[in-house]
Amino acid sequence: MSKVKYYYDSDTLSYKKIERRKRNTFKYASIFILGSALFGFLFVFLASQFIQSPKERALARELQHMELQYQLLNKKMDEAQAVLANVEQRDNAIYRLYFAANPIPEEQRKAGFGGINRYKALEGFDNSKIIIEANRRMDILQKQIVVQSKSLDEIVVLAEDKEKFLASIPAIQPINIEDMTRMASGYGYRTDPFTKVRKFHYGMDFTAPRGTPIYASGDGVVKRADNSSTGYGNHIRIDHGYGYVTLYAHLYKYNVRVNQKVKRGDLIGFVGSTGRSEAPHLHYEVFKDGDRINPINFYYGNLSAEEYSKLLEHASLENQSLD
């Protein structure tokens, strides 16, 4: 039961009962409800501006973590870029220079991506700029790695070919220097031992006792081992590839057969005096693309600087050849 309330009327000097009107009750209730709603809305608004919900705090932490990861990713890309730049510099300045290959142009290594916008799907987000920049750098880095990888593949091929080339070209004296009596005649004009006429001598003559071992001066394939060429007697021709052929003449006997593969330093025959020869010796010739060239330039593999100088001095003397 609700309490009855009274008020003191000073005119009548008596207490009178307070009568509550329904209209006033509705008004007061409406004011209270409206005030409460306004206060609640204001509280929620202020709370949303200054106080984060658990979900918002979780999203904020996730965003902060993502930004940190992008910073770390950019740092790693900086390190990878520095390493790649060093490899590119060595590739152009050392590897490709050594193998006489053209350096890769800088614009080709660092070319971007033209045409359509590759990153349109990443636009419109709060961190679109960070995401797009990271993706752009990653794409460029990936392209540079592909270019460098292809370059290194090319270097491997060039190295293998260079190694094969260096093993194939004539590079040693066909007779050991301790087995050789002397260097009898060099490349150039010499006196013919039979006609006594001065004519061009296209090889080098090494005097040595009959049966002295003769060695292949480079890797190759034996193309001839016969006595069918006039004046050479028993002789061997080795095709080294790259346009190089060597000839070993006046042999006593062979130690190889036609189409046999030989390595530099393999025993291929023995010194003799067959064919147009005045005494036991080896007549040695080097061909490049079908032209006979001076063999003196192909002994760097087994002679010291002093031995080479002495050989060069003897080879330059215009004396009588032995064939």
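Helices (H or I, at least four residues) and strands (E, at least two) are DSSP runs, numbered from the N terminus. By that naming, Asp289 sits in the loop between β14 (281–288) and β15 (291–293). This is a predicted model, in which local features need pLDDT of at least 70, side-chain atom pairs count only at pLDDT 80 or more, and totals for chains, interfaces and linings use all residues. Residues are numbered from 1 along each chain as its sequence is written, and side-chain values use heavy atoms, with hydrogens and water left out. The points below cover loop residues, nonpolar cores, strand pairing and salt bridges.

**Loop residues**

- Asp289 has a phi near 55°, a positive value in a residue other than glycine.
- The relative accessible area of Asp289 is 55%, so this residue is exposed. Exposed means over 50% relative accessible area, buried under 20%, and partly exposed in between (1.4 Å probe, protein chains only).
- Tyr242 also has a phi near 55°, positive although the residue is not glycine.
- The loop that holds Tyr242 runs between β9 (235–241) and β10 (244–249).
- Tyr242 is partly exposed because its relative accessible area is 31%.
- Ile172 is located in the loop between α4 (128–168) and β3 (182–185).
- With a relative accessible area of 13%, Ile172 is buried.
- Ile172 and Leu303 are 131 residues apart along the chain, and their C-alpha atoms are separated by 7.7 Å.

**Nonpolar cores**

- A nonpolar core is a set of buried Ala, Val, Leu, Ile, Met, Phe, Trp, Tyr and Cys residues joined through side-chain atoms within 4.5 Å.
- The largest such core has 28 residues, and Phe206, Ile236, Tyr248, Ile268 and Leu282 are those with the most contacts inside it.
- At least two residues of this core come from each of β6 (204–207), β8 (220–226), β9, β10, β13 (267–271) and β14.
- β14 provides the largest share of this core, 3 residues.
- Another core, of 6 residues, lies apart from it and includes Met77, Ile131, Ala134 and Leu141.

**Strand pairing**

- Two strands pair if DSSP finds at least two bridges between them.
- β6 pairs with β14 in the antiparallel sense, over 4 bridges.
- Within this pairing, Phe206 stands opposite Leu282 in β14. Both residues are among those with the most contacts inside the largest nonpolar core.
- Along β6, Met204 and Phe206 point one way, while Asp205 and Thr207 point the other way; all are buried.
- A separate topic is the open sheet of 3 strands, which has the order β7-β13-β11 and antiparallel pairing.
- β7 (213–215) and β11 (251–254) are at the edges of this sheet with a single partner strand each, so one side of each has no neighbour in the sheet.
- On average, neighbouring strands of this sheet are turned by 35° against each other, direction ignored. Axes here are lines fitted to C-alpha atoms, for helices over the stretch in contact, and angles run from 0 to 180 degrees between N-to-C directions.
- β11 and β13 run antiparallel and are joined by 3 bridges.
- Leu251 has Val271, in β13, as its bridge partner.

**Salt bridges**

- Side chains of opposite charge can pair when their charged atoms come close.
- The structure holds 6 salt bridges, each defined as a side-chain nitrogen of Lys or Arg within 4 Å of a carboxyl oxygen of Asp or Glu.
- One of them joins Arg137 to Asp78, with the closest N and O atoms 2.5 Å apart.
- Arg137 lies in helix α4 and Asp78 in helix α2 (residues 54–98), so this pair ties together parts that are 59 residues apart in sequence.
- Arg137 counts as partly exposed at 21% relative accessibility, and Asp78 counts as partly exposed at 41%.
- Glu133 forms a salt bridge with Arg136, and their closest N and O atoms are 2.8 Å apart.
- Helix α4 holds both Glu133 and Arg136, which are 3 residues apart, about one turn of the helix.
- Glu133 is partly exposed at 33% relative accessibility, as is Arg136 at 34%.
- A salt bridge also links Asp219 and Lys263, whose closest N and O atoms are 3.7 Å apart.
- This pair connects distant parts of the chain, 44 residues apart: Asp219 is in the loop between β7 and β8, and Lys263 is in the loop between β12 (261–262) and β13.
- Asp219 counts as buried at 15% relative accessibility, whereas Lys263 counts as exposed at 52%.
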